[in-house]
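Open the structure in your viewer and keep the selection tool at hand. We will go from one residue to the next.

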Amino acid sequence: MLFFAFTLFSCGTDTDAGEFVVGSDYLAVNNKVILIDTVTVEMSTINFDSLVTSGQSRILVGNYDDPIFGKVKSDGYFQLESDSYSLPGAGSDTEAVNYVFDSISMILKYNNYFYGDTTKVQTFGIHRVLQKIKPNTDDDNFYNNSTLSYAAASLGSISYKPRPVEKDSINIKMDPVFGSDIFQRIKKREITDFTSFTEYLKGLVLVPSGSDSASIIGFNPGTSVVRMYYSKYQSADEKSLYIDFVITDTGKQFNSIALDKSGTILQNLPVSSSKLSSSLTNRQGFVQSGTGVACRIDFPNIKQLKYIADKGAIVDAELVLKPVNNSFSEQYPLADSIQVNVADNLNRISGTLLNPAGYAVYGILNKKSDEFNENMGYSFRIGNFLQKEILKQSASRSSLILTLPGINKAVNRIVLGDQKHLNNKIQLKIYYITY
């Protein structure tokens, strides 16, 4: 037992933050290390008020019907600008009259992100934003629940089978009347700079078709452009000319991500300061990026451990979370890791769980396969976190809030079993020393 205690202290892998330190006074012959695996762990699901989706360097567009979470949809908003609002030789009216409009298109470059079924056709349209792209809040951010009014008529649309991991792009032909209008305004010097351009065109939004349910695709705003082609009338030079309108202000590019939970197990998910117990959701907890759904873990009886002995302490603890069988697939893959946050009873996050070196703690997925996925799970150390909870003088308790990496710019999701789940139980092992 003494050798085991020395092993725990010298090779401990506790990866959460805290000031508790095991001292040499604990290393006595009469010390006992106890393995405890019967502590109550409560699981519930919460829903954040909002998530910042501006400045994430990813346009998300698409929709799909999730068999568990409901209908997921993302519209991608952005503002355009150009480094030139003039035609060659535009200082001369005689020269400018020789230029004619040809066409206008939007070229969207993939950024390798996708979620859902990319073997099915996806349709979306480009719409003109009717409001100035300006946040209504004081923090200059846009959120997953931010929306702006836009024209019902589409300026262009496309139906395509996504190839999100390819290096190619998609080209959407846009309304020639719209393109010609921009061209004529530049030609007549009615549009001469960014200010006059945004007065005419406040922004665009990519809106998926309501009739399609397949996937959500990510595009790179830094390499996507609206390109207006024009040429010189009766010129011997047949070279096509163009002006690019690009997305340079990342703060004005955001994704409006909606989740319709009607008719699902999550339809009664309460406001952000409350929680939905796993006892009401088939012994399951839920996490989804983009929509603000997260899983909360509580340890209501953890302070009872101090009654084991007059003197004692947690020296290590491992929490293992199990994905529910049949809740993941090739279309809805498991994330490689889970991020762990510390919060109060109202779900207000104080920060991420940190290891002693100051780095964020992640639950890493064990992908070791077995016949019934019994070994598959996310594990992480929470010994110092639990010890700090035991030592609290007040009655307040902290919770752990589980989210997925990329919570602001993705729609990945996961379903976890609670302590009473039939097949995929959450596991907590605590190593407690008395001295």
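## A tour of salt bridges and one serine

The whole structure holds 15 salt bridges. Keep in mind that this is a predicted model.

**Select Asp244 and Arg227.** These two form a salt bridge, and their closest N and O atoms are 2.6 Å apart. Asp244 sits in strand 12 (residues 241-246) and Arg227 in strand 11 (residues 225-232), so the pair ties together parts 17 residues apart in sequence.

**Next, Arg283 and Asp418.** Their side chains meet in a salt bridge at 3.2 Å, N to O. Arg283 is in the loop between strand 14 and strand 15 (284-288), and Asp418 is in the loop between strand 23 (413-417) and strand 24 (427-434), so this pair ties together parts 135 residues apart in sequence. Is Asp418 buried or exposed? Asp418 is buried, with a relative accessible area of 3%. Arg283 is partly exposed, at 28% relative accessibility.

**Now Lys252 and Asp249.** Here the salt bridge spans 3.9 Å, N to O. Lys252 is partly exposed, with a relative accessible area of 21%. Asp249 is also partly exposed, at 32%.

**Select Asp181, Arg185 and Glu190 together.** A network of salt bridges links these residues.

**Finish at Ser272.** Look in the loop between strand 13 (254-260) and strand 14 (276-277). Which side chain makes a polar contact with the side chain of Ser272? That of Asp49 does, at 3.4 Å. Show the surroundings too: leaving aside residues up to four places away in sequence, Ser272 touches Asn47, Phe48, Asp49, Leu346 and Asn347.

Note on methods. Residues are numbered from 1 along each chain as its sequence is written. This is a predicted model: local features need pLDDT of at least 70, side-chain atom pairs count only at pLDDT 80 or more; totals for chains, interfaces and linings use all residues. Side-chain values use heavy atoms; hydrogens and water are left out. Helices (H or I, at least four residues) and strands (E, at least two) are DSSP runs, numbered from the N terminus. A polar contact is a pair of N or O atoms within 3.5 Å; within protein, one must be able to donate a hydrogen and the other to accept it, and residues adjacent in sequence count only if both atoms are side-chain atoms. Contact means heavy atoms within 4.5 Å. A salt bridge is a side-chain nitrogen of Lys or Arg within 4 Å of a carboxyl oxygen of Asp or Glu. Buried means under 20% relative accessible area, exposed over 50%, partly exposed in between (1.4 Å probe, protein chains only).
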